Amino acid sequence: MVDFLQAVVLGVIQGLTEFLPISSSAHLRIFPEIFGWGDPGAAFTAVIQIGTELAVLIFFWRDIWRIGVTWAKSLFRPEYRGQLDARMGWFIILGSLPIVILGIALKDVIEKDFRSLWIVGTTLIVGGIVLGIADRVGSTDKTLKHLSLRDAVLMGLAQALALIPGVSRSGATLSMGRFLGYERETATRYAFLLAVPAVIGAGVFELKDVPNGDNLYGWGPTIVATIVSFVVGYAAIAWLLRYVTTHSYTPFVVYRIGLGVVTLALVATGVIAA
């Protein structure tokens, strides 16, 4: 029963933090240590993220269906190839390749060395500073129709940095999007869509490791956490899209830096283990 209660808490944390540029993987690494539960494990973290990505699939199902159908038609009918949705299909596929390739190549490093709280705390701070600079200096003159292959791949490369807990998938993608001149809502929407194949793919890839390896929880708690993350994540998407239309990323920058500093201080003083 304790494992299931912990799973509910971790599912809420995942759902609340996945789409905000504050790193859900960092929170799933830091807070269990603070609570005295220990590291839930890389496989648990990857699998429960499937819940939040299912929320994306449902929230954006019309966009995803339209993009998928148009992209598929463009493979056989040239008149569709110039349409934005057909290009978006290729952008999402090609933009996902960096995180897929690096995720497979660096699997052992990601699951062990990168989970050090020294690294997590540092990347929270550095990523927060980068996000703050990008949001301040980036222009807002580009919308989704201006998205090019170069920009899509650059945002995909930025997303790949999120293999390091603390970087934040959405934070890295949004930072690159703002540096490239995209408005906040456009960068946020593309970050959501770009994350779907990578996150679901990583979760499915890690399914086999849930009952094995260095994971704190078995199938039951993992399934519960995934369901909770789906419900909470769905609400978080709607809130974030409304928020970014009229607000800057400053609160997230301040929060990231603050959490990073607290994490490093707790590790340095021995309150929590790295």
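This is a predicted model: local features need pLDDT of at least 70, side-chain atom pairs count only at pLDDT 80 or more; totals for chains, interfaces and linings use all residues.
Student: Which residues make the nonpolar surface patch of about 930 Å²?

Tutor: A patch counts residues with over 30% relative accessible area. Here Leu 75, Phe 76, Trp 90, Ile 93, Leu 94, Leu 97, Val 100, Ile 101, Ile 104 and Leu 149 make the patch. Helix 5, residues 84-105, gives the most, with seven residues.

Student: Where does UniProt place the feature "transmembrane region"?

Tutor: The unreviewed UniProt entry lists residues 42-65, 86-105, 117-135, 187-205, 217-241 and 253-273. Such an annotation may be inferred rather than shown by experiment. For residues 217-241 the span is 92% helix and 0% strand, and the end C-alpha atoms lie 33 Å apart.

Student: Why is helix 2 described as largely enclosed by the rest of the structure?

Tutor: Count the buried residues, meaning those under 20% relative accessible area. In helix 2, nine of the 11 residues are buried, so the helix is largely enclosed by the rest of the structure. Among the buried residues are Arg 29 and Glu 33, as well as Leu 28 and Ile 30. Their cover includes helix 1, helix 3 (42-59), helix 7 (117-137) and helix 12 (250-268). Just after helix 2, Gly 36 takes a positive phi of about 80°.

Student: What is His 27 in contact with, leaving aside neighbours within four places in sequence?

Tutor: His 27 sits in helix 2, residues 24-34. His 27 is buried because its relative accessible area is 3%. With those neighbours set aside, its contacts are Ile 13, Thr 17, Ile 22, Pro 32, Tyr 255 and Leu 259.

Student: Where does Ser 23 lie, and what does Ser 23 touch?

Tutor: Ser 23 is in the loop between helix 1 (2-17) and helix 2. Not counting residues up to four places away in sequence, Ser 23 touches Thr 17, Leu 124, Pro 165, Gly 166, Val 167, Ser 168 and Arg 256. With Gly 166 there is also a polar approach: a polar atom of the Ser 23 side chain lies 3.0 Å from the backbone nitrogen of Gly 166.

Methods
Residues are numbered from 1 along each chain as its sequence is written. Side-chain values use heavy atoms; hydrogens and water are left out. Helices (H or I, at least four residues) and strands (E, at least two) are DSSP runs, numbered from the N terminus. Buried means under 20% relative accessible area, exposed over 50%, partly exposed in between (1.4 Å probe, protein chains only). Contact means heavy atoms within 4.5 Å. A polar contact is a pair of N or O atoms within 3.5 Å; within protein, one must be able to donate a hydrogen and the other to accept it, and residues adjacent in sequence count only if both atoms are side-chain atoms. Patches are made of residues with over 30% relative accessible area and no salt bridge: like charges are joined within 9 Å, nonpolar side chains (Val, Leu, Ile, Met, Phe, Trp, Tyr) within 5 Å. Accessible areas come from the Shrake-Rupley method with a 1.4 Å probe; for residues, only the protein chains shown count as cover. A salt bridge is a side-chain nitrogen of Lys or Arg within 4 Å of a carboxyl oxygen of Asp or Glu.
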